[in-house]
Amino acid sequence: LRTADRVLLKLAQFEAKTFNELFDAVFQIDWFDFLPIDANFSIHATSNKSQLHSCPAIQSITQKAIFKKLQKKYSQNHFSQIGPKYEIFIKIEKDQCLIGLNTSGQSLHKRGYRKKQSTAPIKETLAAAMVNLSEWNQNNTLLDPFCGSGTIPIEAALIAKNIPPGLNRSYDFLKWKHFLNIEQLKEIFHQARSSADYSQNIKIYGSDYEKYPINIATDNAEKANVSDIIFTQTKFEDIDFSKFENLTIISNPPYGERMNEISEVRKISKKLGEIFKLSNIKSLNIITASETFEEDFALKANKNRKLYNGKIKCYFYQYSKS
């Protein structure tokens, strides 16, 4: 999965308007099928438009019900909780409860290749989504003129080479030996690794006006096994776009909220519009928090999607030339 934050194993779904109803429903789950006797489990609760709105109270009642169920099974009152980690998510929306076990551990945007990052980074999952939403394919050229730590070019290269994004990281479920089929798991990992085509030729470029992020991007690309991405220290105004064929730009320019003043961001948007109109760029895809981007760019986008970069509301503007 390239764009999901986590994978939850759904354990139960029910309605609960009181804490007694919540306790009873949680208690009905056969927790000993999932949690070993030494499970180190934690509860994460969210609630929206529900009568049960106190997340600390929801977590406390859920934990109490789980312990009661385990005590009934194992005939003991104390549990060491020194074993593998289990994160239990309970989400309540309009009194409808969903309980799931987080199989992923850390959010799936943490691929394992980005040890360092530049200022105002973009999440790997969002970068992959932008690549998927664009018209780019591996036979065409891709350029990110504001590449920072290289996330967009790296995610594009992983897609082009069919490299599973999570090969360089671990997952919580790998330690849940009591109900895993280890041989099947080995076969799945073998298939995932053998599906990658590291020899696939790519035409992917990244540039930034500072040397530091380019060094980080190069290092990250090596860790992701896509070191054939070409990174250069270049101001975007100085790029010779005529040397690229079938060029797609996918980029995350500076936001006014983080790096530049609003006036500077607007200048960048205006310059991008001028370059797009006068160059051979086939398609351009920009994510920005700027509310005036189309006005500054001086051209209405073919498509405009609302996306979130972390908690920042952004717009994904897509332009294409027929």
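**Exercises on cavities, pockets and burial**

By the grid rule used here, the count comes to 1 cavity of 30 Å³ or more. The model is predicted, so local features need pLDDT of at least 70 and side-chain atom pairs pLDDT 80 or more, while totals for chains, interfaces and linings use all residues. Residues are numbered from 1 along each chain as its sequence is written, and side-chain values use heavy atoms, with hydrogens and water left out.

**Exercise 1. Describe the largest cavity and its lining.**

Step 1. A cavity is a set of points on a 1 Å grid over the protein atoms alone where a 1.4 Å probe fits but cannot get out; lining residues have an atom within 4 Å of a point. The largest cavity holds about 30 Å³ of space, a volume being the space filled by probe spheres set on the points, which are joined across faces, edges and corners.

Step 2. Its lining consists of Pro253, Pro254, Val265, Ile268, Ser269, Leu272, Ile286, Thr288 and Phe293.

Step 3. Helix 7 (262–278) and strand 9 (281–288) each supply at least two residues of this lining, and helix 7 gives the most, with 4 residues. Helices (H or I, at least four residues) and strands (E, at least two) are DSSP runs numbered from the N terminus.

Step 4. The lining divides into 7 nonpolar, 2 polar and no charged residues. Here Ala, Val, Leu, Ile, Met, Phe, Trp, Tyr, Cys and Pro count as nonpolar, Asp, Glu, Lys and Arg as charged, and the others, Gly among them, as polar.

**Exercise 2. Describe the largest pocket.**

Step 1. A pocket is an open set of points with protein on both sides within 12 Å along at least five of seven lines. The largest pocket contains about 440 Å³ of space. Of the 17 residues that line the largest pocket, the closest to its centre are Leu1, Leu108, Gly166, Tyr171 and Phe173.

Step 2. The pocket lining divides into 12 nonpolar, 3 polar and 2 charged residues.

**Exercise 3. Determine whether Leu52 is buried or exposed, and list its contacts.**

Step 1. Leu52 lies in the loop between strand 2 (40–48) and helix 2 (55–74).

Step 2. Buried means under 20% relative accessible area, exposed over 50%, and partly exposed in between (1.4 Å probe, protein chains only). Leu52 counts as buried because its relative accessibility is 3%.

Step 3. Contact means heavy atoms within 4.5 Å. Leaving aside residues up to four places away in sequence, Leu52 touches Ala16, Lys17, Thr18, Phe19, Leu22, Ser47, Ile58 and Ile92.
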